[in-house]
Amino acid sequence: MCGIVGYLGNKDAYAVLIKGLHRLEYRGYDSAGVAMLSAKGELNVYKSKGKVADLESFARSKDISGTIGIAHTRWATHGEPNEVNAHPHYSPSGNLALIHNGIIENYSVIRAELESRGYEFRSSTDTEVIVYLIEYIMKSNRTDLCTAVQLALRQVVGAYAIAVISRDNPDRIIAARKSSPLVVGIGEDEFFLASDATPIIEYTDKVVYLNDGEIAVISRGEDLKVVNLDNVEITPEIKKLAMNISQLEKGGYPHFMLKEIFEQPRTILNCIRGRINVEGTNVALSGVIDNREKFLNARRIVIVACGTSWHAALIGEHLIEDFCRIPVEVEYASEFRYRNPVIYPDDIVIAISQSGETADTLAAVELAKSEGAFIYGICNAVGSSIPRTTDSGSYIHVGPEIGVASTKAFTGQVTVLSMLALTIAHQRGNISEEKFIQLVRELQAIPDKIKEVLKRSEEVKELSRIFTYAHNFIYLGRGYNYPAALEGALKLKEISYIHAEGYPAAEMKHGPIALIDAEMPVVVIATSDSIYEKTISNIQEIKARQGRVIAIVTEGDKAVRGIADYCIEVPQVAEPFTPIVASIPLQLLAYYIAVNKGRDVDRPRNLAKSVTVE
Ligand code: G6P
């Protein structure tokens with residue numbers, strides 16, 4: 001979703017800004033723009049519908065000079081994606097340029113008021129009212145830019161990360177955040193600003209994550225100053241980035257998604273490193289151990305998440321109830337936050353989010369916190385908003401995920417949930433020592449098992465050719481693999497735009513069975529588990545109606561192979577961990593079908609990686 005980049009220093013700002021926008025492309029967007037202050041004192045704003053490359057073509061013959069500037073990728077909310085609605089927006093006089101990520105909920109009220117004072121707006125966006133309001137305040141109150149920003153933001157209801165520059169002060173950027181992420185990078189005599197650390201990493205590892213209600217005053221030749229809306233100065237906490245630049249490159253793969261699928265043996269290893277001991281006799285998540293009493297006394301665990309993270313949460317429900325015998329509820333964060341849920345102070349609320357910035361998940365966390373629950377975060381992006389607001393948590397440590405369709409983050413989330421369930425069960429004594437060690441060792445072996453699955457990628461590629469032109473798919477699974485079926489269907493629809501539905505296999509006969517005919521591919525996860533025989537019956541039901549079955553089976557399987565049209569084998573693993581290995585061929589199938597269809601795999605239409613608006 002919208003991406004913000006800013007630069008102030010000695011370099012050519014345009015080059016830094018454009019590179020930064022490219023780094024943020026993975027977030028999803030539909031138009032882009034830049035604003036630079038030239039040495040001649042001009043404020044040059046260039047905007048374009050489409051990709052950053054379109055913006056570059058547009059700006060090619062223009063004045064792109066200057067060492068200070070701001071840039072933006074917009075994911076349309078208010079007003080269609082076009083040049084007028086793209087950011088930066090400038091003030092009526094043309095003195096100020098502003099970029100914004102988030103939604104201003106009371107923009108129509110502010111807009112109407114400014115219109116009544118004679119202002120005419122150029123765009124249909126909620127953003128433009130902020131820059132108009134700032135200029136109006138500067139003029140009517142005779143204040144400087146920072147004070148005007150503070151006063152304007154007091155009137156604004158909603159979420160924002162903004163950056164603004166002024167023709168009258170070519171050595172300053174003012175940036176502010178509330179509920180939308182913003183990071184300031186501190187280099188040698190230069191500053192960077194971005195929605196996340198990816199555009200900053202190649203220049204400096206020193207960053208400050210702004211908190212809600214904070215304003216960064218970035219000035220040439222001065223230290224970074226942070227103030228709040230009441231102008232009280234706050235000492236910024238400078239953090240060191242752990243990411244490196246190679247993590248942001250494709251490393252020889254045609255797409256980030258494929259690279260990320262193939263990274264999974266290593267990312268899961270990174271995820272369990274230091275948590276499972278080398279002998280495979282213990283697993284300890286420090287966030288759980290440090291809050292042992294909370295977990296021992298938890299009445300209930302509620303997991304909130306969106307999208308793929310919600311599918312991981314469903315697997316977490318199985319794991320925790322199975323191993324720990326604590327009741328678990330899984331909620332869409334967007335529903336939870338608005339449905340007046342019952343939350344007890346002895347509840348543990350787990351928020352799962354790859355980006356750590358999903359607006360609905362963040363709001364669900366705030367709600368649960370206000371009701372006194374203990375909040376645990378499972379996130380990937382270090383330093384993002386959710387880990388900074390939760391009481392405790394675990395990072396999944398899978399490295400930056402750039403492909404919009406989540407792959408390695410999903411398996412990392414399920415791995416952390418597996419370790420969490422095992423740690424709690426061990427602490428509570430819900431599991432025998434023997435069973436505990438057996439499961440820990442099984443989990444430890446998962447990276448090698450994934451390597452085995454990945455060796456079959458060519459097989460999946462071949463299979464993908466047969467189904468590239470299908471219009472619909474059904475994905476079925478039972479027990480632990482029902483959420484894996486949902487996730488498989490989501491992957492396919494996200495990147496190939498083929499309609500796909502995930503169902504619990506036995507539910508098929510209550511509706512979806514009506515759709516089955518010789519045209520309908522049905523992907524069934526039919527690994528050898530406790531409900532294998534039942535799943536076979538479901539496959540029979542599909543075959544009896546001429547459906548075409550692609551089955552994910554355990555190595556050496558005979559029964560399903562005898563009835564399914566196509567089988568993809570995965571190694572034998574303990575039942576609770578089957579979703580991790582079964583998901584790999586489903587990721588590959590979605591990937592290859594999307595490639596066959598010529599889709600923009602890493603940046604599928606309409607989707608955003610980091611959904612910072614509700
Ligand atoms: C978007 C992404 C999905 C992701 C979901 C939740 O829809 O495209 O891949 O699963 O947001 O994101 P989160 O960062 O909270 O896991």
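Reply: One cut-off comes first. A residue is buried under 20% relative accessible area, exposed over 50%, and partly exposed in between. The model is predicted.

Take Gly41. Its relative accessible area is 35%, so Gly41 is partly exposed. Gly41 sits in the loop between strand S2 (31-37) and strand S3 (43-49). The C-alpha atom of Gly41 is 7.4 Å from that of Pro170, although 129 residues separate the two along the chain.

Now the helices. Start with helix H7 (residues 264-272) and helix H14 (residues 408-428). They pack at an angle of about 35 degrees, and their axes are 10 Å apart. The crossing of H7 past H14 is right-handed. H7 brings Gln264, Thr267, Ile268, Cys271 and Ile272 to the contact. H14 brings Lys408, Thr411, Gly412, Thr415, Val416 and Met419. By class, this contact has five nonpolar, five polar and one charged residues.

H7 has another partner, helix H16 (residues 446-454). Here the axes come within 8 Å and cross at roughly 170 degrees. Angles over 145 degrees count as roughly antiparallel. H7 and H16 are therefore roughly antiparallel to each other. On the H7 side, the contact uses Gln264, Pro265, Ile268, Leu269 and Ile272. On the H16 side are Ile446, Pro447, Ile450, Lys451 and Leu454. Eight residues of the contact are nonpolar, one is polar and one is charged.

Next, the salt bridges. The whole structure has 37 of them. In one, the side chains of Glu249 and Arg23 meet at 3.3 Å, N to O. This pair links distant parts of the chain, 226 residues apart. Glu249 is in the loop between strand S15 (239-240) and helix H6 (256-262), and Arg23 is in helix H1 (residues 13-24). Glu249 has a relative accessible area of 37%, so Glu249 is partly exposed. Arg23, at 16%, counts as buried.

Lys240 and Asp205 also form a salt bridge, at 2.6 Å, N to O. Lys240 lies in strand S15 and Asp205 in the loop between strand S10 (191-194) and strand S11 (206-209), so the pair ties together parts 35 residues apart in sequence. Lys240 is exposed at 67%, while Asp205 is partly exposed at 31%.

Lys259 pairs with Glu263, with the closest N and O atoms 3.3 Å apart. Both of these residues are buried. Elsewhere, salt bridges with shared partners join Arg456, Glu459, Glu555, Arg561 and Glu569 into one network.

Terms used: Residues are numbered from 1 along each chain as its sequence is written. This is a predicted model: local features need pLDDT of at least 70, side-chain atom pairs count only at pLDDT 80 or more; totals for chains, interfaces and linings use all residues. Side-chain values use heavy atoms; hydrogens and water are left out. Axes are lines fitted to C-alpha atoms, for helices over the stretch in contact, and angles run from 0 to 180 degrees between N-to-C directions. Helices (H or I, at least four residues) and strands (E, at least two) are DSSP runs, numbered from the N terminus. A crossing is left-handed if the near helix is turned anticlockwise from the far one by less than a right angle, and right-handed if clockwise. Contact means heavy atoms within 4.5 Å. Ala, Val, Leu, Ile, Met, Phe, Trp, Tyr, Cys and Pro count as nonpolar, Asp, Glu, Lys and Arg as charged, and the others, Gly among them, as polar. Angles under 35 degrees count as roughly parallel, over 145 as roughly antiparallel, 65 to 115 as roughly perpendicular and the rest as oblique. Buried means under 20% relative accessible area, exposed over 50%, partly exposed in between (1.4 Å probe, protein chains only). A salt bridge is a side-chain nitrogen of Lys or Arg within 4 Å of a carboxyl oxygen of Asp or Glu.
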